[in-house]
Amino acid sequence: LAIGFAAQGTLATASSVGDKACVAAQGETTYKVTGMTCAECEKGISKQFSSQPQVAKVTANHLTGCLNIVWKPGGSLSDAQVAEQLKKVGYDLAHSH
């Protein structure tokens, strides 16, 4: 079951659930998130991940359901850790079909 897609060492990686794709560039990881429906959702998720020491930048988009994390050099979180952080603010990782 693939729930997050890292683009480490590649030009780009795409994740698609439904008809909307999330694309990550090198040094980034992109996830599909369920339950994100508005700008306030984006803010809550962004705030949660911005507090993590491994994260350089985070962008959440409720229109596409994408969460994009840019990592600090040497930084990362496992898919399970990302899922745990999302659950703390009321969201889940989408499962790929």
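The crossing of helices α1 and α2 in this predicted model is right-handed, meaning that the near helix is turned clockwise from the far one by less than a right angle. Helices here are DSSP runs of H or I with at least four residues, strands are runs of E with at least two, and both are numbered from the N terminus.

Two packed helices are described by the angle between their axes and the distance between the axes. Helix α1 covers residues 39-50 and helix α2 residues 79-88; their axes come within 9 Å and cross at roughly 130°. That makes α1 oblique to α2, since angles under 35 degrees count as roughly parallel, over 145 as roughly antiparallel, 65 to 115 as roughly perpendicular and the rest as oblique. From α1, Ile45, Gln48 and Phe49 make the contact, and from α2, Val82, Gln85, Leu86 and Lys88; contact means heavy atoms within 4.5 Å. These residues divide into 4 nonpolar, 2 polar and 1 charged.

The protein as a whole has 2 helices and 7 strands, in the order β-β-β-β-α-β-β-α-β along the sequence. Among contacts between residues at least 6 apart in sequence, 51% join residues at least 24 apart. Of the 97 residues, 41% count as buried, that is, under 20% relative accessible area with a 1.4 Å probe.

Residues are numbered from 1 along each chain as its sequence is written. Local features need pLDDT of at least 70 and side-chain atom pairs count only at pLDDT 80 or more, while totals for chains, interfaces and linings use all residues, and side-chain values use heavy atoms, with hydrogens and water left out.

Notes
Axes fitted to C-alpha atoms, helices over the stretch in contact; angles between N-to-C directions. Nonpolar A, V, L, I, M, F, W, Y, C, P; charged D, E, K, R; others polar. Buried < 20%, exposed > 50% of the residue type's maximum accessible area, 1.4 Å probe, protein only.
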